[in-house]
Structures are given as C-alpha cells and as structure tokens.
Amino acid sequence: MALLEIRDVVKTFGDFTAVNHVSLAVEAGEFFTLLGPSGCGKTTLLRMLAGFEAPDSGEIILDGRNMANVPPEKRPVHTVFQNYAIFPHMTVAQNIAFPLKMAGVPEPELKARVEEALEDVRLQTFAKRFPHEMSGGQRQRVAIARALVNRPRVLLLDEPLSALDAKLREQMQIELITLQKEVGVTFVYVTHDQGEALALSHRIAVMNKGQVEQLDVPEAIYSYPKSRFVADFIGQCNLLDATVREIGSDRMKIEIAGVGMAEALPVEGASVGKTGALSLRPEKIKLGVTLPSDDPDEVHFKGRVHDCLYLGDVTIYIIELDNGMLVETMLPNSDPGKAKFFDDNDAVELAWRFDAGHFLPA
Ligand SMILES: Nc1ncnc2c1ncn2[C@@H]1O[C@H](COP(=O)(O)OP(=O)(O)O)[C@@H](O)[C@H]1O
Ligand SMILES: [Mg+2]
C-alpha cells in the first residue's frame, strides 16, 4: 500500500473550486512533485495534507490512517516553507532543537534527537555555527534537519527555492536531490518551475485548474505529454495543427495543415478524421541546407529561416514552413568557433523521426 493516498479530494472556496477531484498515491521514499502554474491548487492540496485546510469531500490516507479528524500537530508530516525560515539569531543546534522545545521534549532526549538530526544531514561539526556562517546549501541542510527532528513520514515542501537566483537555485537543487536520497524521507514538493520538477522528481503530477492532467516519471512527462496543456507547460514544444488520415498497427498518417503528410506513432483517442496537434520538441528536429532522405522513418519538410536566437551553448532557429507555420528548432553550437549555421531567409530542410513527435487529439 502506498504511504500517502489522496482519494478524490475536492476543496472549494465559495463558488471557486481550487482542488477538483484529485486522486494520487505517493510511495515511501519517493520525491514526488506537484507541478503547475500559479493558482492551479498546489498549495491548497499541500495544506490539506498538512491539516491546515479540510477537504470538502474525499479522503487523505497516510500510513494507512485516515487523516480526516487528525489535527495538524498530530499528523506525521512537516511543512517546509519558502526560504526555509531559519532563525538567524540561533545556532544550528538551537534551530534544530526549536520544534522539540515547543513540543516540551525533555532535555536529555532533546539533545539526543538534535544529535541524530545533525547526523542525518551530515552537519555534526556545525552545531555551534550561526546561519550567516554557512553556505546556502548548508542552511538548506539545517532546515531539513529541523523538519526531520519530529520524525515525520512525509516532508511537504512548498516552493522552497523559488526566491533564489538561477545559479544558487541549481546548486541547491543538486544538494536537495542528494539530501533526499541520504535521509530517505518521502518528499511532496511543490513548484511552478518545470525545469526544477524534471530535475528533482521521481514522479510528477502536472496540475491545471485544480486537476491532475498527467502523472508520470519526468522522461514520460517531457517526451509523451498527454495534453496540449502539458506539452505547452513543460519546456518548449512545437504544436502543429494536424488531422489523422490513416491508422496502421504501428504508425499512422497525419496531415499537417497546408504542409503535407507525416507519419507518427498511433495514440489513444486518435481516429481517421480526428483533428489535433503534433507535439514536437525543438531538439528532436534535424536541420540542414539539404538532408539525406533515404531513411523511410524520417519525416521531411522544407522551409526558410525566419529568426535566429543565439543562446551561447545552442542557437534557436525559427523556421517558417510553406504554409506560414513557424517551427522552433535548436542546434548545439558544439563545433569549435561556430556560433551559427544559418542566417535569416536561408532555405533549409527539416527532418524528424516519425516517433519523435506525438499526436495530441483535440
Ligand atoms: N483561503 C482562500 N480563500 C479563497 N481563495 C483561495 C484561498 N486559498 C486559495 N485560494 C484560491 O485557490 C486557488 C489555488 O490557490 P493555491 O492553491 O494557492 O495555488 P498554487 O499554490 O498552485 O499557486 C487560487 O485561485 C487562490 O486564489
Ligand atoms: Mg502556492
């Protein structure tokens, strides 16, 4: 049985539904992420797990126990907030001891548990330091140690890194993955940052308007988005309007409006005549003045360079197809001394493997 089960949970505020029939299960030891745009209900769902809000209907089962009548302080969870809220005037040991003091844990036990928490996050030698004497990553460890001191089964983290600049955030993300692996505690992590979710999580629930749109491992979310919303929200993605023309056993033919026929993998919900979009990641598209066309598994089209965006490590080329449709492609600038392969208005050919894209029925 999963460690945490959310069953058909609904939460409304007045006539607004913030969480709309969400069901999901989180396994012990998992780094599980709720990902979605601002306002989609992530924090509300997390607050219901913590017990700060009660669902209108549905159930939250933690460790086999229904949480319905369990107050926040009695739940085996701990919430970690943005910036970690470490007390600057307290030492590391005092910070970690704080929740135990509040709970009235007697001195000898308190000392032993602080020691244990310090060991968990490998900060034994930092007990007497103050937060300003430590790096961002070490302060993150203090916050996690303080969160672990009451031995929760699940840590709830609500956008803890969102206020940091990009470089520090990346360092902290790397440390957070290591830390979660080391301490082995289950994380339910909230973020609106798709890159962060892909980098950190074992599994991701992508939320939109109070509902889970897709729940899967990061690679599947990225490569096989199930809806336009997910394709669009996760990374850069071309969405080419298309209609299904023929369905075979292992591939189907789709017509990209005004451009021509292409092959794609058959998908659930597709039928002849069905309209939708072909989702295609920029990095899956080959680009050249001409490209060899002897591979029957490849789809080929001609176009013209509409715009180039030099980003240092890669250059983005926006290609205009014959029907005026714009397709974003991306080439790494790995050749020494080469910063750009094409210029505006160059005639080019693009190609992708038939299974690189993914048809999304409308
Ligand atoms: N206490 C509340 N009263 C009224 N509306 C709320 C309350 N809490 C959240 N909401 C609304 O519910 C929606 C989801 O909020 P929230 O869960 O905070 O989203 P997220 O964390 O994904 O940004 C938002 O539109 C928000 O305004
Ligand atoms: Mg929020």
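Analyst: Strand β3 (residues 31-35) and strand β8 (residues 186-191) lie side by side in the parallel sense, joined over five bridges. Two strands count as paired if DSSP finds at least two bridges between them, and helices (H or I, at least four residues) and strands (E, at least two) are DSSP runs numbered from the N terminus. The model is predicted, so local features need pLDDT of at least 70 and side-chain atom pairs count only at pLDDT 80 or more, while totals for chains, interfaces and linings use all residues. Residues are numbered from 1 along each chain as its sequence is written, and chains are lettered from A and ligands numbered from 1 in the order in which they are written.

Ligand 1 is the next subject. Its surroundings consist of F13, A18, G36, S38, G39, C40, G41, K42, T43 and T44, where a residue is near a molecule if its C-beta atom, placed from the backbone, lies within 6 Å of it. Helix α1 (residues 42-50) supplies the largest share of this shell, three residues. By class, the shell holds three nonpolar, six polar and one charged residue; Ala, Val, Leu, Ile, Met, Phe, Trp, Tyr, Cys and Pro count as nonpolar, Asp, Glu, Lys and Arg as charged, and the others, Gly among them, as polar.

Another group of strands involves β1 (residues 4-13), which runs antiparallel to β4 (residues 57-62) and is joined to β4 by five bridges. The bridge partner of E5 in β4 is I61, and I61 also stands opposite N66 in β5. Strand β5 (residues 65-66) runs antiparallel to β4, with two bridges between them. Together β4 and β5 form a hairpin with two residues between them, and D63 in the turn has a positive phi of about 60 degrees.

Two helices also deserve attention. Helix α4 (residues 136-148) packs against helix α5 (residues 166-183) at an angle of about 40 degrees, with the axes 9 Å apart. Residues of α4 that meet α5 include G136, Q140 and I144, and their counterparts in α5 include L168, M172 and L179; two residues are in contact if their C-beta atoms, placed from the backbone, lie within 7 Å. This contact comprises seven nonpolar, four polar and two charged residues.

Finally, the wider setting. The domain assignment, which is automatic or taken from a database, gives domain 1 (4-232) and domain 2 (236-361). Their centres, taken over C-alpha atoms, are separated by 39 Å. Six residues of domain 1 are in contact with six residues of domain 2, and the side of domain 1 that touches domain 2 has three nonpolar, one polar and two charged residues. A further open sheet has five strands in the order β13-β12-β11-β14-β20, and its pairing is antiparallel.

Terms used:
Axes fitted to C-alpha atoms, helices over the stretch in contact; angles between N-to-C directions.
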